[in-house]
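Please keep the sequence and the model in view as you read.

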Amino acid sequence: MPNMDHEFFMREALKEADKAAQWGEVPIGAVVVKGGNVIARGHNMRETWKDPTAHAEIVALREASRILGGWRLSGCRLYVTLEPCPMCAGALILARIDEIIYGAAEPKFGAAGSIVNLFAVDRFNHQPQLTSGILEEECGMILKEFFRERRNK
């Protein structure tokens with residue numbers, strides 16, 4: 001897939017991250033793409049929903065599953081502004097997502113290469129393709145600005 005397409009869909013994920021920030025949530029956004037179209041969107045809702053599993057990826061996966069009428073999301077790609085954590089990586093593997101594309105690395109909890117790469121474990125029955133660093137600077141900057149503002153309050 002040309003990098004321009006990756007950038008287009010990552011910008012859609014960044015729009016979701018902006019929505020999370022408006023809710024006072026850590027600004028992470030995700031979109032699920034199938035057949036060249038965004039079919040589901042999600043952003044962090046952990047604080048709002050009081051739910052530790054309400055990460056952007058999980059919210060988007062739940063919406064995609066509802067729209068497609070099943071939990072197997074073969075033929076789909078997920079774009080997320082921050083490298084998935086172990087919980088989200090596991091959910092993406094279980095959902096049979098074809099490809100995960102992320103922006104910024106997550107040095108504290110990253111499960112797509114920063115700490116561990118769960119997507120490369122060949123003992124799992126599914127290994128999605130992984131692409132990293134798409135709009136990395138923009139994806140990282142929205143987080144840095146959010147935490148800078150939070151510290152200044």
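R41 counts as partly exposed, with a relative accessibility of 33%. That figure lies between the 20% limit for buried and the 50% limit for exposed. The model is a predicted one. R41 forms salt bridges with E12 and with E16.

**R41 and its partners**

- The closest N and O atoms of R41 and E12 are 2.5 Å apart.
- This pair links distant parts of the chain, with E12 in helix α1 and R41 in strand β2. The two residues are 29 residues apart.
- In the salt bridge between R41 and E16, the closest N and O atoms are 3.6 Å apart.
- This pair, too, links distant parts of the chain: R41 belongs to strand β2 and E16 to helix α1. Here the separation is 25 residues.
- E16 counts as buried, at 2% relative accessibility.
- Side chains of opposite charge can pair when their charged atoms come close.

**E12 and K15**

- E12 also forms a salt bridge with K15. The closest N and O atoms of this pair are 2.8 Å apart.
- Both residues lie in helix α1, which covers residues 3-22. E12 and K15 are three residues apart there, so about one helical turn separates them.
- E12 is buried, with a relative accessible area of 9%.
- K15 counts as partly exposed, at 46% relative accessibility.

- Salt bridges link E12, K15, E16, K19 and R41 in a network.
- How many salt bridges does a search of the whole structure find? The search finds six.

**I39 in strand β2**

- I39 has its place in strand β2, which spans residues 37-43.
- Which residues does I39 touch, not counting those up to four places away in sequence? I39 touches V32, K34, A64, I67, L68 and C76.
- I39 and I142 are 103 residues apart in sequence. In space, they are 24 Å apart from C-alpha to C-alpha.

Conventions
Residues numbered from 1 in each chain as written. Predicted model: local features only at pLDDT ≥ 70, side-chain atom pairs only at ≥ 80, totals over all residues. Heavy atoms only, no water. Helix = DSSP H or I, 4+ residues; strand = E, 2+ residues; numbered from the N terminus. Contact = heavy atoms within 4.5 Å. Salt bridge = Lys/Arg side-chain N within 4 Å of Asp/Glu carboxyl O. Buried < 20%, exposed > 50% of the residue type's maximum accessible area, 1.4 Å probe, protein only.
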